[in-house]
Amino acid sequence: MKTTPGNPTRCDHEQLSRYHDGEATSQEIRRIEAHLPHCPDCRNMLADFDRLGHLMRSHGERALAAADTSAVMQRLLTRRQQRREAFAGWRNWFKPARLFLPVTVTVLALAIYIIPQSFKIEPHGQAPSAIINSFTGSVTSVMLFETPNTHQTIIWFKEDSTAKGENDALQKI
Amino acid sequence: MAWDEPTLVALLKQGHEGAFEELMQRYRQKVYLIAYGITLDPEESRDIVQEGFLKAFQNISRFEGRARLVTWLHRITVNQSLNWQRRWKRRLRWHHRPIESEEDGESIQLGTDEYQAEVLHQRREIDQAYHKALKQLPDDARTIYVLKETEGLSYAEIARILNIKKGTVSSRLFYARQRLQKALKSYRESI
């Protein structure tokens, strides 16, 4: 940043770069255009920006001329074609496989539902189960009743047996 | 085929092969220039062009049309090119390859009728110095410089592509120009 003799405005090279690109604000444009006639440094810099830009473009153009982008395009189209063919190949392979789909579903259904049913395979802890043991005596009867969660013992007396016993006792007297 | 942009986009979204060809036909040179400007490697630039178009075609369904198709392609190319730069192996090779070998036959051949050998020699020298100076720029500054000088994009467009502020575009662009100017000071009168 500096001022030049006879020029009250300061050099602002970044602003100059914006001016070169047509990105300066109207205020900046006015300021730069008032400054430039008095500042050979800034005029040179502006000319350099132009030269460098031209150099960049010609550098790119030479690279482009040597690149043969049409060959790149052809290669890309071939690659896409190969991919499509490969995909079509997979699709053809899957065509007969689609016929097996209902069969596969049926087999799975058999495996999941029907086979366990026919072999009476019951999932653990779901259905009620009971083991019953009973002992019948002349006076009492006992029943053991078991479920997976409870153990119950039921004892009951035979009333008629009691009566019969009483009769026996009476007869003995 | 001269489809307008919305038609081209619609056809691309349908997977139309002709639209894909049209896309490449229209933009391959622009895309190559950006890739080359950032990587400064002809071979890698060709790969980037190829991958960039494939990526564009694969992701065209995500293109919402808020930006222009070419801006979207620029973004893909810049990302691909910068990703290339970030791969350390390539970076190593990139920084250690002698300048002379990078011409890959793209320089003007000496001894043609068009120019004097001496002039050609000087141009080659300037070209090499420019190539070297470009290479020494930081990636972000070079990317902005390439987008500005080869594509003539506005600061707002560059800011959108790189997802940065317009002020950053301005300062980095100026930085790039300053560095290049310094590097080529001795060739100033010959450029």
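This is a predicted model: local features need pLDDT of at least 70, side-chain atom pairs count only at pLDDT 80 or more; totals for chains, interfaces and linings use all residues.
Begin by colouring the model by chain and displaying it as a cartoon. Select chain B, which holds nine helices and zero strands. Followed from the N terminus, its elements read α-α-α-α-α-α-α-α-α. Chain B has 191 residues, of which 35% count as buried. Among its contacts with a separation of 6 or more, 64% are between residues 24 or more positions apart.

Chain A has 173 residues, and 13% of them count as buried. Of the contacts in chain A between residues at least 6 apart in sequence, 26% join residues at least 24 apart.

**Where the chains meet**

Show both chains together and select the residues of each that touch the other. On the side of chain B there are 32 residues, in contact with 27 residues of chain A. Five helices of chain B each supply at least two residues to this side: helix 2 (17-39), helix 3 (42-58), helix 6 (117-136), helix 7 (139-149) and helix 9 (166-183). Which of these helices gives the most? Helix 2 of chain B does, with eight residues. Coloured by class, the side of chain B that touches chain A shows 14 nonpolar, nine polar and nine charged residues.

**The nonpolar cores**

Now select Tyr32(B), Ile34(B), Ala35(B), Ile144(B) and Ile158(B). In the largest nonpolar core, which has 52 residues, these five touch the most other members. Helix 2 of chain B contributes the largest share of this core, twelve residues. Centre the view on Ile144(B): leaving aside residues up to four places away in sequence, Ile144(B) touches Ile158(B), Val169(B), Arg172(B), Leu173(B) and Ala176(B). Another core, of five residues, lies apart from the largest one and includes Leu16(A), Tyr19(A), Cys39(A) and Cys42(A).

**Helix 7 of chain B**

Select residues 139-149 of chain B, which form helix 7. Nine of the eleven residues of this helix are buried, so helix 7 is largely enclosed by the rest of the structure. The buried residues are Ala141(B), Arg142(B), Thr143(B), Ile144(B), Tyr145(B), Val146(B), Leu147(B), Lys148(B) and Glu149(B). Which elements do they pack against? Within chain B, the partners are helix 2, helix 4 (69-86), helix 6, helix 8 (155-162) and helix 9, and from chain A helix 3 joins them.

**Helices 2 and 4 of chain B**

On the helix 2 side the meeting residues include Tyr27(B), Val31(B), Ile34(B) and Ile38(B), while on the helix 4 side they include Leu73(B), His74(B), Val78(B) and Trp84(B). By class, this contact has ten nonpolar, five polar and one charged residues.

**Helices 1 and 3 of chain A**

Move to chain A and select helix 1 (residues 13-20) and helix 3 (residues 40-67), which pack at an angle of about 45° with their axes 10 Å apart. That angle makes helix 1 of chain A oblique to helix 3 of chain A. Their crossing is right-handed. His13(A), Leu16(A), Ser17(A) and His20(A) of helix 1 meet Cys42(A), Met45(A), Leu46(A) and Phe49(A) of helix 3. The contact of these two helices has five nonpolar, three polar and no charged residues.

**Two loop residues**

Finish with two residues of chain B. Most residues other than glycine have a negative phi. Leu40(B), in the loop between helix 2 and helix 3 of chain B, has a positive phi near 55°. Asn163(B), in the loop between helix 8 and helix 9 of chain B, also has a positive phi, near 60°. Is each of these residues buried or exposed? Leu40(B) counts as buried because it has 22 C-beta neighbours inside 10 Å. Asn163(B) has 7 C-beta neighbours inside 10 Å and therefore counts as exposed.

How values were computed
Residues are numbered from 1 along each chain as its sequence is written. Chains are lettered from A and ligands numbered from 1 in the order in which they are written. Helices (H or I, at least four residues) and strands (E, at least two) are DSSP runs, numbered from the N terminus. A residue is buried if 20 or more other C-beta atoms lie within 10 Å of its own, exposed if 12 or fewer, and partly exposed in between; C-beta atoms are placed from the backbone. Two residues are in contact if their C-beta atoms, placed from the backbone, lie within 7 Å. Ala, Val, Leu, Ile, Met, Phe, Trp, Tyr, Cys and Pro count as nonpolar, Asp, Glu, Lys and Arg as charged, and the others, Gly among them, as polar. A nonpolar core is a set of buried Ala, Val, Leu, Ile, Met, Phe, Trp, Tyr and Cys residues joined through C-beta atoms within 7 Å. Axes are lines fitted to C-alpha atoms, for helices over the stretch in contact, and angles run from 0 to 180 degrees between N-to-C directions. Angles under 35 degrees count as roughly parallel, over 145 as roughly antiparallel, 65 to 115 as roughly perpendicular and the rest as oblique. A crossing is left-handed if the near helix is turned anticlockwise from the far one by less than a right angle, and right-handed if clockwise.
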